[in-house]
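Good morning, colleagues. Please turn to the structure that I will now present.

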Amino acid sequence: MCAGAKRALRSAAVVMALLPIGAYAQGPGSAQATAAPQRTTATPMAPNGAGRVRTLTHQQAEALALKNNPQISIGQLNALVARQFVREQRSALLPSAALSVTGVDAQPGGRIAAGSLSNSAIYSRAAAGANVSQLVTDFGRTTNLVASANLQAKAQDETAAATTADIILAVDQSFFNALETEALVTVAQQTVDARQTLVDKIQALTDAKLRSDLDLSFAKVDAARARLLLLEARNNYQTSLSALSALLGFNDEQNFQLVEEPARATTPPPLTVEPLIGEALAQRPEVLALRDQVQSGEKFGRAEHDLKLPDVTALGSVGLVPARDNHVPSWWGAVGVNINIPVFNGFLFDARAKTADLQTAISRQKLTDLENNIARDVRNAWQDSNRAFERLSVTRQLEEQASLALDLAQSRYNLGLSSIVEFSQAELQKTEADISDTDARYQYRLTQLVLDYTVAAPH
């Protein structure tokens, strides 16, 4: 059960349990008027005096979250950043080319430049050329770096999918929590209407000296407390709308009119949890992301070990010298191969390779811990769903028995065989049964959503 629904139910239960509640109906056999409330009779207060009412279905809420929630956009942008890092690593495998333009104005007869060994002849000239270099081989280091970057990008995609799943679950929970609090507003509104009607009836009977002032006092107290219950229910409804609006990417509370889907067939959870755990470990995006990170760490570790190996690079240079001294040729060109062989760098490469190996070992342990936690979460969600499913039949029976008890208590009160206290207790039990039945239906739907989320199954 989400936190908002728990708060709503606890608030309603505390207020309802303080004192007896008044009548729902006026005559014998009219307890059917207290049956499970219809949502269409609820009139929740518009949040903050908001203007236009927007209808919102479950699917529309999810679509708005996917479009507007900044956390989802952040995950998608991080995935794009990771793909660019792959291009950075792959660039080392492609040729590198550069154009150069050089102009020199030397003193006449200048031939020797002190302190320079690379250009002992200095002539006035203007030249342009191109230099090209291409990695021939570094014995797999760059290839492993590219593979590591690819796996990191894949892991980031899975992380973005996990973020999306988290937001969608939060939206679903908030949406159904708002529906539940709206249903509790309906219960409270019906209670207020019924008790006010009862006050009017007993007032007329008291004026005719057919009921005592005590009965009228009880009825008025119950009516006042019903109005307090309605205020509390409306406050919880507005709080749930505010939470839903924030998840959908709005910075203020929206005046949504939630549209409940047609009730689908109530099916029990699976008989065993082991297949669900297997599915979760195979398809949860968090697990897939961490597995990719482990593989990425392994590739990066190999690349760090390959630092000790030489790298071979091919070089080429060509150009023209249109303005030159007679001693300088009109063009030049050269090709060559450079082999860089590491010898000693203070054990830097050893430390880097060891660090990469240790980081990979840490990732493996994180993966094991995550798999254990997911298996626990699936098992807990499955147990919660079973318990909520069993609660459905219990609350339904409770509602039926409470309706029957209210019929009998109302008949006895109308015949003068019992006091208003007995009648009020029966009404209290009926209202509590209505609340429990309403809560049970929504909570079972919420446990199904959580179970689907823990298994990463569509809902």
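What share of the residues in the chain is buried, that is, under 20% relative accessible area with a 1.4 Å probe and protein chains only? Of the 459 residues, 40% are buried. This is a predicted model, in which local features need pLDDT of at least 70 and side-chain atom pairs count only at pLDDT 80 or more, while totals for chains, interfaces and linings use all residues. Residues are numbered from 1 along each chain as its sequence is written, and side-chain values use heavy atoms, with hydrogens and water left out.

The chain holds nine helices and six strands; these are DSSP runs, helices being H or I with at least four residues and strands E with at least two, numbered from the N terminus.

I turn now to helix packing. Helix H2 (residues 58-68) packs on helix H4 (residues 141-207) at about 140°, their axes 10 Å apart. Axes are lines fitted to C-alpha atoms, for helices over the stretch in contact, and angles run from 0 to 180 degrees between N-to-C directions. H2 is therefore oblique to H4, since angles under 35 degrees count as roughly parallel, over 145 as roughly antiparallel, 65 to 115 as roughly perpendicular and the rest as oblique.

In this contact (heavy atoms within 4.5 Å), the residues of H2 include His 58 and Leu 66, and those of H4 include Ile 167 and Phe 175.

H4 also packs with helix H9 (residues 420-455): the axes come within 10 Å and cross at roughly 170°. H4 is therefore roughly antiparallel to H9.

Technical notes: Buried means under 20% relative accessible area, exposed over 50%, partly exposed in between (1.4 Å probe, protein chains only).
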